[in-house]
Amino acid sequence: TGSHIETFLKKAIVRADGDIKKRVKEDPSTSGMGTTIVIAWIVNGVIHVAWCGDSRAYLFNSNSGLSRLSRDHSYVQQLVDSGKLDAELAFDHPNSNIITRSLGDFNSPAQPDYISKGLSGGDMIILCSDGLCGLVRDEEMLDILNVERDSIEEYLGALFDGAINAGGYDNITIALMQCVDVKVPELENTLATTIKPTQKRSKAWIVIAVLAALIAAGAYFAGTRGLLNGLQDAVNKIITVPTDSVSVAQDPT
């Protein structure tokens with residue numbers, strides 16, 4: 001169910017936050033290490049998104065345009081929400097790099113947010129760090145996506161080039177997925193009937209797209225691969241999945 005998925009995704013993020021802090025305590029050379037994160041899990045034609053920080057999830061469709069699914073955990077977003085700053089001025093605000101939530105912050109536990117939305121055929125999901133969305137405006141991103149291209153790899157390359165051309169001074173992390181078709185399975189094939197906690201743990205990823213956007217202004221990023229491995233470990237610790245009940249997609253990188 002949606003509530004189970006929300007709980008799972010938030011728990012994975014909170015546990016990853018704990019693992020990062022544990023690593024810093026064990027290895028003082030990683031002091032200051034931190035990250036933002038955005039995760040998308042697609043189940044039965046619905047995208048479930050959880051995030052902490054200012055890495056973003058977008059949904060693009062050539063008919064309906066570009067919409068932002070996540071909402072930044074940032075100082076500037078707080079100003080916009082409170083009516084103290086016009087949304088049009090947020091992009092160029094001098095404090096746009098200040099985030100209010102993250103993983104690895106010893107002053108605060110991770111506080112992830114969550115949203116879900118039904119998908120349609122042709123929808124493209126975009127997960128990115130602010131190396132893209134902090135340099136390329138949403139309107140500019142829409143212009144890039146509105147150009148018809150032959151493959152999703154070409155869309156990815158065009159977005160990356162857009163960030164490079166805008167300065168490219170921050171880590172640029174982008175993950176794309178396009179829904180060719182969306183079919184909602186019958187009730188007996190839903191998540192609730194395929195996840196059985198008593199069965200042996202599978203090492204397979206069931207998250208369709210996981211993006212750990214490793215960005216924090218001035219942060220020390222030693223051990224970046226260790227953070228990604230820690231996130232996978234966190235997911236594997238939380239959930240048990242029968243290997244014959246899910247289709248598996250894994251990022252080859």
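# Chatting through a predicted model

Author: Let's start with Glu-140, which sits in helix α4, residues 138-146. Helices here are DSSP runs of H or I with at least four residues, strands are E runs of at least two, and both are numbered from the N terminus.

Reader: Ok, and what kind of model is this?

Author: It's a predicted model, where local features need pLDDT of at least 70, side-chain atom pairs count only at pLDDT 80 or more, and totals for chains, interfaces and linings use all residues. Residues are numbered from 1 along each chain as its sequence is written, and side-chain values use heavy atoms, with hydrogens and water left out.

Reader: Back to Glu-140, is it buried, partly exposed or exposed?

Author: Glu-140 is partly exposed, because its relative accessible area is 37% and the cut-offs are under 20% for buried, over 50% for exposed, and partly exposed in between (1.4 Å probe, protein chains only). The areas come from the Shrake-Rupley method with a 1.4 Å probe, and for residues only the protein chains shown count as cover.

Reader: Which residues form a negative surface patch?

Author: Glu-140 is in it, along with Asp-86, Glu-88, Glu-139 and Asp-143. Patch residues have over 30% relative accessible area and no salt bridge, with like charges joined within 9 Å and nonpolar side chains (Val, Leu, Ile, Met, Phe, Trp, Tyr) within 5 Å. Asp and Glu count as negative, Lys and Arg as positive, while His and the chain ends are not counted. A charge is placed at NZ of Lys, CZ of Arg, CG of Asp or CD of Glu.

Reader: What does Arg-56 pair with?

Author: Arg-56 pairs with Asp-72, and their closest N and O atoms are 2.7 Å apart. The two come from distant parts of the chain, 16 residues apart: Arg-56 is in strand β3 (residues 56-61) and Asp-72 in the loop between β4 (65-68) and α2 (75-81). Both residues are buried. They also belong to a network of salt bridges with Arg-68 and Asp-138.

Reader: And where do Asp-92 and Arg-137 lie?

Author: First, their salt bridge: the closest N and O atoms are 2.6 Å apart. Asp-92 lies in the loop between α2 and β5 (113-118) and Arg-137 in the loop between α3 (130-133) and α4, so the pair ties together parts 45 residues apart in sequence. Asp-92 is exposed at 51% relative accessible area, whereas Arg-137 is partly exposed at 28%.

Reader: What's the phi of Asn-44?

Author: Asn-44 has a positive phi of about 55°, although it is not a glycine. Most residues other than glycine have a negative phi. Asn-44 is in the loop between β1 (37-43) and β2 (46-52) and is partly exposed at 26% relative accessibility.

Reader: Last one: how far apart are Leu-9 and Pro-112?

Author: They're 103 residues apart in sequence and 8.8 Å apart in space, C-alpha to C-alpha. Leu-9 is in helix α1, residues 2-26, and counts as buried at 1% relative accessibility.

Definitions and conventions. Salt bridge = Lys/Arg side-chain N within 4 Å of Asp/Glu carboxyl O.
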